[in-house]
Amino acid sequence: MPRHTGELAVRGRLERREGAVLLVVDERLSGHDTFLSTTLRLDQPVRLPDLPVQILTFDDVTVLAPLVSVLPQSQDGDEWGGTLLIPHGARPPTIPADLAQAAAEAGVGTSGWSPAEARHLLTFLSEAVPGPVRTERIGMIIAALAGLS
């Protein structure tokens with residue numbers, strides 16, 4: 001079985017934090033799992049075909065944290081580029097059953113969200129347990145989706 005299912009060209013800048021070199025990605029990775037270890041084929045500033053990294057995606061940035069110290073001394077802001085071997089394909093957001101049912105009953109679609117909108121709305125909903133707060137949040141999401149139509 002292959003260790004990765006996809007390849008993604010990535011670029012960014014180097015940053016030093018607490019003595020470690022981090023690879024900050026120019027564009028936040030969306031739709032991919034985070035906190036996974038994988039491989040980066042680094043082409044610039046040096047060629048490293050098998051650099052093990054951990055993918056760390058936060059609200060506004062993705063950082064690749066090398067799991068070994070093999071990068072040469074660098075300056076903050078130096079550019080880098082390479083290919084990230086994705087351990088899993090892009091994963092579309094999963095619409096919870098209660099939200100899907102409410103959307104179907106209201107006749108609104110849930111497929112037109114941008115990745116950022118989906119992440120925001122689904123996180124907002126996931127923070128509420130079943131009950132009145134969750135029901136209210138579903139109503140708010142449905143109203144917002146209906147307004148987009």
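**View 1. Confidence along the predicted protein chain.** In this predicted model, the protein chain has a mean pLDDT of 83, and 85% of its residues reach 70 or more.

**View 2. The barrel of six strands.** The strands β1, β2, β5, β4, β3 and β6 follow one another in that order and close into a barrel of 6 strands, with antiparallel pairing. Within this sheet, neighbouring strands are turned against each other by 45° on average, when their direction is ignored. Pairing of this kind rests on backbone hydrogen bonds between the strands of a sheet. The views that follow take up individual pairs of strands in the barrel.

**View 3. Strands β1 and β2, and the turn that joins them.** Strand β2, made of residues 20–25, runs antiparallel to β1, and 6 bridges join the two. Across this pair, L14 stands opposite L23, the latter lying in β2. The two strands form a hairpin with 2 residues between them, and in this hairpin E18 takes a positive phi near 50°.

**View 4. Strand β5 between β2 and β4.** Strand β5, which spans residues 62–66, pairs with β2 in the antiparallel sense over 2 bridges, and here V24 is found opposite V63 of β5. With β4, strand β5 is joined by 5 bridges, again in an antiparallel arrangement, and on this side A65 of β5 has Q54 opposite it. Strands β4 and β5 also form a hairpin, in which 4 residues lie between the strands.

View 5. Strand β3, residues 37–44, and strand β4, residues 48–57, are paired in the antiparallel sense over 5 bridges, and they form a hairpin with 3 residues between them. Two leucine pairs can be followed across these strands: L40 stands opposite L51 in β4, and L42 has L48 of β4 as its bridge partner. The peptide bond that joins Q44 and P45 is cis, with an omega of about 15°, and P45 has its place in the loop between β3 and β4.

**View 6. Strand β3 beside strand β6.** Strand β6, made of residues 79–86, runs antiparallel to β3 and is joined to β3 by 5 bridges. In this pair, L42 stands opposite G82 of β6, while in β4 the bridge partner of L42 is L48.

View 7. The structure holds 6 salt bridges, and one of them is formed by R41 with E7, whose closest N and O atoms are 3.2 Å apart. This pair links distant parts of the chain, since R41 belongs to strand β3 and E7 to strand β1, which covers residues 6–17, and the two residues are 34 residues apart.

**View 8. The second largest pocket and its lining.** By type, the lining of the second largest pocket divides into 7 nonpolar residues, 3 polar residues and 1 charged residue.

Terms used:
Residues numbered from 1 in each chain as written. Predicted model: local features only at pLDDT ≥ 70, side-chain atom pairs only at ≥ 80, totals over all residues. Heavy atoms only, no water. Nonpolar A, V, L, I, M, F, W, Y, C, P; charged D, E, K, R; others polar. Pairing = 2+ DSSP bridges. Axes fitted to C-alpha atoms, helices over the stretch in contact; angles between N-to-C directions. pLDDT = per-residue confidence, 0-100. Salt bridge = Lys/Arg side-chain N within 4 Å of Asp/Glu carboxyl O.
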